[in-house]
Amino acid sequence: MRIHHLNCGTMSMGVVDHCILVDTGAGLVLVDTGYGLGCVRDPGRMIGPARYALGAKLIEHETAIRQIEALGYDLADVRDIIVTHLDLDHAGGLADFPHATVHVHGPELRAVTEPKTLSERLRYRKQQWSHEPKWLVNETGGGTDWFGFRAVRDLPGLPSEILVVPLPGHTRGHVGVAVDTGNGWLLHAGDAFYLGSEIDPVRPHTPLLWRLYETGAIVPRAYHENRRRLVELNRAHGSEITIFCSHDPSAFRRLSA
């Protein structure tokens with residue numbers, strides 16, 4: 001397993017859009033897409049007014065497709081994409097890989113097709129998947145244990161070293177993606193938290209700005225419970241698992257180095 005850490009969308013205050021590219025030896029797996037070419041070229045349609053609130057910079061060379069090209073890979077080898085969730089800053093590049101299978105958690109796809117709240121209607125941009133991607137739905141039912149968390153293993157077409165860890169809260173179907181690198185685990189926790197300080201094993205702390213932002217969680221009780229569990233996971237298994245989220249610039253700089 002070779003892991004590439006990509007920032008697929010710089011936003012205000014230096015916030016990043018941390019995606020990972022996994023070279024399995026048999027193909028490439030992209031975890032989240034950040035903003036894509038369509039977002040850069042037609043932000044009004046692909047992102048809408050949220051681009052101003054997020055302070056999205058929308059730079060073409062930061063898109064996943066351009067970074068994968070720069071790494072020297074054949075884009076046809078991006079056969080699978082796993083989305084932590086389908087918020088507009090995480091799924092904006094799906095259309096750049098129209099032939100890839102998109103692995104999505106069942107509750108998330110149901111939230112997209114049948115939004116229950118105004119927040120759900122605003123946070124998803126159906127234009128980002130109007131190309132009708134090849135969805136492959138995974139469900140928690142039959143999941144197995146991973147360090148005390150339920151997990152979905154044996155994702156079709158993916159190696160057994162990659163699994164999905166349901167972490168609902170930020171959205172109904174939000175998940176983390178765990179990768180066994182052979183030298184320890186990586187857990188891309190998506191938007192289950194926003195800064196590394198929030199899961200510090202000794203003194204977890206959420207700055208005021210991010211406490212305000214987390215009020216947008218679709219299922220607040222589940223969000224706070226899963227963040228508490230991630231603190232415990234980091235405390236008990238921090239030597240075995242590197243846990244990071246989507247928007248922490250410090251974690252991205254450390255891991256991409």
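## The six-stranded sheet

In this predicted model, where local features need pLDDT of at least 70, side-chain atom pairs count only at pLDDT 80 or more, and totals for chains, interfaces and linings use all residues, an open sheet of 6 strands runs in the order S1-S2-S3-S5-S7-S8 with mixed pairing. Strands (E, at least two residues) and helices (H or I, at least four) are DSSP runs numbered from the N terminus, and two strands pair if DSSP finds at least two bridges between them. The edge strands are S1 (2–7) and S8 (134–138), each of which pairs on one side only, and the twist from one strand to the next averages 25°. Axes here are lines fitted to C-alpha atoms, for helices over the stretch in contact, and angles run from 0 to 180 degrees between N-to-C directions.

Within this sheet, S2 and S3 pair in the antiparallel sense over 4 bridges, and Leu21 has Leu30 in S3 as its bridge partner. Helix H5 packs on the sheet, where it touches S7 and S8 and its direction makes about 90° with that of S7; a contact means heavy atoms within 4.5 Å. Helix H9 (residues 249–256) also packs on the sheet, touching S1 and S2, with its direction at about 140° to that of S1. Residues are numbered from 1 along each chain as its sequence is written, and side-chain values use heavy atoms, with hydrogens and water left out.

Leaving out residues up to four places away in sequence, Ile81 touches Leu30, Leu94, Phe97 and His103, among others. His103 itself is found in strand S7 and counts as buried because its relative accessibility is 1%, where buried means under 20% relative accessible area, exposed over 50% and partly exposed in between, with a 1.4 Å probe and protein chains only.

## Asp87

Asp87 is found in the loop between S5 and strand S6 (91–92), and at 6% relative accessibility this residue counts as buried. Asp87 and Tyr124 are 37 residues apart in sequence, yet their C-alpha atoms are 5.3 Å apart in space. Beyond its neighbours within four places in sequence, the contacts of Asp87 include Arg123, Tyr124, His170 and Asp191.

## The four-stranded sheet

A further open sheet is formed by 4 strands in the order S11-S12-S13-S14, again with mixed pairing. Strand S11 (162–166) and strand S14 (241–244) each have a single partner strand, so one side of each is left without a neighbour in the sheet.

Strand S12 (residues 175–180) and strand S13 (residues 185–188) pair in the antiparallel sense over 4 bridges, with Val179 standing opposite Leu186 in S13. Helix H8 (residues 220–237) packs on this sheet, touching S13 and S14, and its direction makes about 150° with that of S14.
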